[in-house]
Amino acid sequence: MRPIRPGDRGPAVREIRSILARLDLLAPAVGADEFNADTERAVRAFQQSRGLSVDGRVGPETWRALDAARWRLGARTLYHAVPEPLAGEDVRTLQERLLEMGYDVGRADAVYGVRTARAVAQFQREMGLVPDGSCGPHTMNALRRLGRKVVGGRPQWLRESDAIRQAGPTLVGRTVVIDPGHGGADPGVVVPDGPLCWSEADLVHDLASRLEGRLAAAGMRVQLTRGPAPAAPLPDVERAELANALNADVFISLHVDCHTNPAADGVATYHYGTDNGVTSATGERLAGLVQREIVARTGLRDCRTHAKSWELLRLTRMPAVRVEVGYLTSPTDLARLIDPRFRDRVVDAIVAAVQRMYFPIERDVPTGSINVSELRAAAASRVATTAPA
Ligand SMILES: [Zn+2]
């Protein structure tokens, strides 16, 4: 779908404007169906509030977020629908409410899946309601009566860290999904270089293959989301679904950034989180480790870590990060990125970060101190000692 953008007219623009007006981002104007400057401002404000890429256009991801934002909790009955589950802001509000009260809905991903239905049924049982797992008027009343009195921890983040702690510091046998961004007809950022041309899709696939080799050598099961030249571009939703289907322990998405200003450079790492402070604690920790190791080992400028609710980070059910390894549009970063030895240092940094995530916090080591070539020897000796005779 071509993004709906400034200058466009028609019923789709009218619909977008009416949703933005209901969200108080746009003054309602009767019959207006032009994507004017006000509309663009409102779309940008909406994208910013949802942690989406801010471009002022309505592509598929922004459209899904707008569509979901129509729903206020209580406006419709929520239930676990198969095979097309209900999704929307009302589902997210319900999930966050349940999480605060200590019910396990997994991550507040705004999708009414089986886990949400189970948590609702448990809540209903405890409130003396029919435990049918759907959220209709009676359940809504019970939720309203409780209000915000009951506030506990956010159990799912504690569970994520528990699972990691209990698993111990070894990488052997864990599954990592590496996601080189873009691919196929979508090359990502492209920068011409004389007769050649560097593309984000190719560079991040090269990084992913190097990382695959290193993590496999350390004993991990490694899966890439795409090959070097996929037939069709893979949407982020499907990348997340693949990682979930594989029950991955870690998800690492690789991109490089671009900017119209060639002076923009540096590395940034993103993890799941929203403006109102909901965050994946383990995702945040992994992002911090990846970011610090890359900065320490490569000298790229530190553009820090950031919380985003992008589908890729929101729908993945394991610690997930997206790394933007430098700016292809920066001559400094480009010169580094096209050097294979530099890419190896980036890969070393990510391997060290993944390893550190499995060290208990009290046994963590200083940034830049893990010798990643020793991991392979350690993994080999461990396999040798635990393999059946
Ligand atoms: Zn990209």
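## Ground rules

Buried here means under 20% relative accessible area, exposed over 50%, and partly exposed in between, using a 1.4 Å probe on protein chains only. This is a predicted model, where local features need pLDDT of at least 70 and side-chain atom pairs count only at pLDDT 80 or more, while totals for chains, interfaces and linings use all residues. Residues are numbered from 1 along each chain as its sequence is written, and side-chain values use heavy atoms, with hydrogens and water left out.

## Helix α4

Helices (H or I, at least four residues) and strands (E, at least two) are DSSP runs numbered from the N terminus. Helix α4 covers residues 89-100 and reaches 16 Å from its first C-alpha to its last. That is close to the 16 Å expected at 1.5 Å a residue, taken as 1.5 Å times one less than the number of residues.

Because 11 of its 12 residues are buried, α4 is largely enclosed by the rest of the structure. Among the buried ones are Val91, Leu94, Leu98 and Leu99, along with Glu89, Asp90 and Arg92.

## The zinc site

His182 (NE2), Glu200 (OE) and His255 (ND1) are the protein donors of the zinc ion, lying 2.1 Å from it. Donors are N, O and S atoms within 2.8 Å of the metal (3.2 Å for Na, K and Ca); water is not among the atoms, so sites may look incomplete.

Along the chain, the donor spacing reads H-x17-E-x54-H. Histidine 182 sits in the loop between β1 (175-180) and β2 (190-193), and histidine 255 in strand β5 (residues 250-257), 73 residues apart. Histidine 255 counts as buried because its relative accessibility is 6%.
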